Amino acid sequence: FDMKHIIQYFINVLLALTITLSIIILFTEKTNFINDHLATKVINKINEVTNLKTEIFSTRLKWNGLYPNILLDKFILKDSSNKQVLESLKTSIEIDLFTSFSIGELSISSVVIDQTVVNISRNGDKILFNDADINIVDTNNLDNDIPLLVLQNSIVRVTDSATGTSNIFDIKKLLARYIDDKLSLQASFLHEFSQNPISIRYIGIMSEDSLTGQLYLSGNSVELPRNILPENMQFLNINSSSIRAWIDFDQSKIVKTVGNLSTEKINLPFLTSAENFTNITTDFYYRDEDNNKIMGLTRLNYKYKDREFKNNKIVFYQDQDNKFKIYMNEIQTKIITDITNKLNYISSDLNNIFPDSIIHNLEVHFNNRQEIQYYRAGIKKGDLNVENNININNLDVSIAGNNKIGKISVDNAALKINNDNVLSGISGKLFYRFKGKSIYFST
């Protein structure tokens, strides 16, 4: 055979294959025998994997290239007590034809669930899907790899019965796969508090009763709902934000989080000038080691009133006995005044004593009754109002102590009386001690 005949031979073979496949596709799509046979096998496969009962109102076969798809109208899953777990108006199941032939049994490559509403609630150790009690982490049902699961154009409501919090997610597309004990998840969704999409990616290992892995979360110009924050931080009102976060899980518990956040404004309910916190950018981290928790903001930049702060740092630490510590690189006295008055730590107005001063290296330790056990701080080039006509300017001072004793170190100060310069270059140390209702000084 010459090259011309060889080419003609291959063209004829390809033409014959194309015609044969077209006939097979046309025959299978227009007749019910193959459709019903495949649909029955698909239903049995779903029941085997999920341990649930399946109801389907109608099925039809549609080919996507060389992959047959079973299209299910009004697909319903029910548990053993006949409670409805899932209802989907449109569901598509793609058959992996080549794998099915090679292993001699039906192989599903993907399941696409479209237009459904799911209510997921957690009550203790139970997770309810539309009020049905099922075990979604049952390794007996996960011996075989789960095909690609796609959820799209659907509404998911997640409720925690213990806290009463609820979140609604408008799922644009969610892809999940379980292979070799590894669960991968990728999703894009809208939250009820935000009209901009949020993206997540999760890769982890599924065991009998928990998940271990890492979640990546990303969103631009999104609203962060308060109820997803830790309970002691839900007073924060964070406006439109851009966020990136990597969250590590161990035995279904968050053990580490790192990321960055930028937002136009953060409102704090106990600060009278909260609207002046603007242009905020920061890196953040969180770690939980044996119930010893540390959370920090680093490279923190923000604007407060007409003053900009750069490269600030705030760290919170709480141990397993519920004692906690706070460290701040620098903070205005106005903020300290409002916070401490809110928490009833002091009754005087610190901002009137130190008007618009900056406190550096503030560190405070609290016991498990929220009583101050230790503190230290410093003020550089601050102003101190002693009386209406007595002022101390250019004050460089540091203070350290606890609820019994303390020391004030003055490196520099200038005294003014009736706006007249009286003394300058003041320095020294002042010790104080609390005894009963009295306070004793020495210098």
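User: Before we count anything, what is a salt bridge here, and how many are there by this rule?

Analyst: A salt bridge is a side-chain nitrogen of Lys or Arg within 4 Å of a carboxyl oxygen of Asp or Glu. Side chains of opposite charge can pair when their charged atoms come close. Applied to this predicted model, the rule gives a count of seven salt bridges.

User: Happy with that! Which residue forms a salt bridge with Glu363, and where do the two sit in the chain?

Analyst: The closest N and O atoms of this pair are 2.8 Å apart, and the partner is Arg376. The pair links distant parts of the chain, 13 residues apart. Glu363 lies in strand E19 (residues 358–366), and Arg376 in strand E20 (residues 372–387).

User: Is Glu363 buried or exposed?

Analyst: Buried means under 20% relative accessible area. Glu363 has 18% relative accessibility, so Glu363 counts as buried.

User: And how far apart are the closest N and O atoms of Asp170 and Lys172?

Analyst: Here is another salt bridge, between Asp170 and Lys172. Asp170 is partly exposed at 24% relative accessibility, and Lys172 is partly exposed at 39%. Their closest N and O atoms are separated by 3.4 Å.

User: Let's turn to Asn393: why does Asn393 count as buried, and which residues does Asn393 touch?

Analyst: Asn393 belongs to strand E21 (residues 390–401). Asn393 counts as buried because its relative accessibility is 17%, and the cut-off for buried is under 20%. Leaving aside residues up to four places away in sequence, Asn393 touches Gly382, Asp383, Ala413, Ala414 and Lys416.

Note on methods. Residues are numbered from 1 along each chain as its sequence is written. This is a predicted model: local features need pLDDT of at least 70, side-chain atom pairs count only at pLDDT 80 or more; totals for chains, interfaces and linings use all residues. Side-chain values use heavy atoms; hydrogens and water are left out. Helices (H or I, at least four residues) and strands (E, at least two) are DSSP runs, numbered from the N terminus. Buried means under 20% relative accessible area, exposed over 50%, partly exposed in between (1.4 Å probe, protein chains only). Contact means heavy atoms within 4.5 Å.
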